[in-house]
Amino acid sequence: MKDIDKSKEQLLNELFGLRDEVRSLKLSVIDLKLVKNELKEKKMLYQAIMNLIPSPVAIVFKKDLNFASWNNLFLKRFNIDEEFVKNNKILALLSDRAGRKINEALSSTKPPDKLDIHYVGNNGNETKFKVNIKSVLYNGRKSFLLLFNEEILNKEEEININLEKKIQKQNVELKKVVDQLQKEIIERMQAEENLQSSFDKLSRVLEEVVNALASSVEKRDPYTYGHQQMVTQLACLIATEMGLPENQIEGIRIAGSVHDIGKITVPAEILSKPGRLTEIEFMLIKEHPKAGYDILKGIEFPWKVANFVLQHHERMDGSGYPQHLSGNNILLESRILSVADVVEAMSNHRPYRPAWGLNKALDEIRKNKGILYDPDVVDTCLAIFKNEKFQFSI
Ligand SMILES: [Fe+2]
């Protein structure tokens, strides 16, 4: 009986012992939970502190330079996400040059406290960072805490670098524009040269046409030999003295050279007939301005040459022919030609009369100044002869 009691007591003791052990295990589980919670809180606190640091911060393991930890600013500044840092080493973030530099620094036996690196962003902009390096233990592994300080002073440098890049880009574009412009200028100059050459060619053709026309009338009418040329010379001098522009004078020169071209339609016998003309013969001769107009109107001169010729026998008071125009209705070029024509015709001999001489010719225009002839043209012509600026060569 005594033995049985003893066994009971022993069993109870064992039971109590087991109970205590269970109790202490329960306590350990509770402790573990507490520790776990504490650890979790510490981790959150640690991350919160990391995020409070006003610079990009990352912790990398010394062994493989994989990311161990980082703050939000680090992700933001380098424009990356959690996925990137979880799957990449820090070297993936940097250019080859900066990567080599940081790799060398962190694998050396005595890593530096600070390191300058150049970071090139996706937009090509370059930023200089001063990286603070601190050796730390992270989860018991040797690691480095890297704190990235963007060099504020070098902002200016960054701006300069970016500005220089922009200028280089603009220079390239500018060069393209200049090259294009030069090409266009050369093409335009070439076109102008061609145009000038065509114009010169056309002028020569016109000159030849005018010469051919002028000589055709003079061959049939030897008494007016040189008449057209002398009228042209005098008319051009009057125009020059009146201060007319060169281009207008050129029109007068062309028209003067052919102003009697219409006479090729008048029978040669009438043109070379000595003595007085009959009324019918004179009427035929009076047709020559209109005939000249008809010949010349088909040629595209840069001046109204056909009209200048048509009106060279018109008079200021309307007594001329063929249209009986008066005053300023008669073209200035024709008013000049008419005065030169009369002065030359009267100065030299004609088949039907001897030469009246220059003085008589000048008397005629002086007397009829403002009546038959343009007063300004007459004054200019009289001044030319008074000052002996001109004399008829035949
Ligand atoms: Fe005439």
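1. Among contacts in the protein chain between residues at least 6 apart in sequence, 54% join residues at least 24 apart. Two residues count as in contact if their C-beta atoms, placed from the backbone, lie within 7 Å.

2. Basis. This is a predicted model, in which local features need pLDDT of at least 70, side-chain atom pairs count only at pLDDT 80 or more, and totals for chains, interfaces and linings use all residues. Residues are numbered from 1 along each chain as its sequence is written.

3. Overall form. The protein chain holds 14 helices and 5 strands. Helices (H or I, at least four residues) and strands (E, at least two) are DSSP runs, numbered from the N terminus. The radius of gyration is 57 Å, well over the 21 Å that the globule rule gives for 394 residues, so the protein chain is more spread out than a compact globule. That radius is taken over C-alpha atoms, and the globule rule is 2.2 Å times the number of residues to the power 0.38. Along its principal axes, the C-alpha trace spans about 195 × 45 × 35 Å.

4. Burial. Of the 394 residues, 23% count as buried. Buried means that 20 or more other C-beta atoms lie within 10 Å of the residue's own, with C-beta atoms placed from the backbone.

5. The sheet. Five strands form an open sheet in the order β2-β1-β5-β4-β3, with antiparallel pairing. Its edge strands are β2 (67-70) and β3 (114-120), each pairing on one side only. The twist averages 30° from one strand to the next. Two strands pair if DSSP finds at least two bridges between them. Axes are lines fitted to C-alpha atoms, for helices over the stretch in contact, and angles run from 0 to 180 degrees between N-to-C directions.

6. The helix on the sheet. Helix α4 (residues 96-107) packs on the sheet and touches β3, β4 and β5. Its direction makes about 160° with that of β3.

7. β3 and β4. These strands run antiparallel and are joined by 7 bridges. Lys114 has Asn132 in β4 as its bridge partner. The hairpin of β3 and β4 has 5 residues between the strands, and Gly124 there takes a positive phi near 90°.

8. β4 and β5. Strand β4 (residues 126-138) and strand β5 (residues 141-150) run antiparallel, joined by 10 bridges. Lys130 has Asn149 in β5 as its bridge partner. Tyr138 has Arg141 in β5 as its bridge partner. The hairpin of β4 and β5 has 2 residues between the strands. In its turn, Asn139 has a positive phi of about 50°.

Note on methods
A residue is buried if 20 or more other C-beta atoms lie within 10 Å of its own, exposed if 12 or fewer, and partly exposed in between; C-beta atoms are placed from the backbone.
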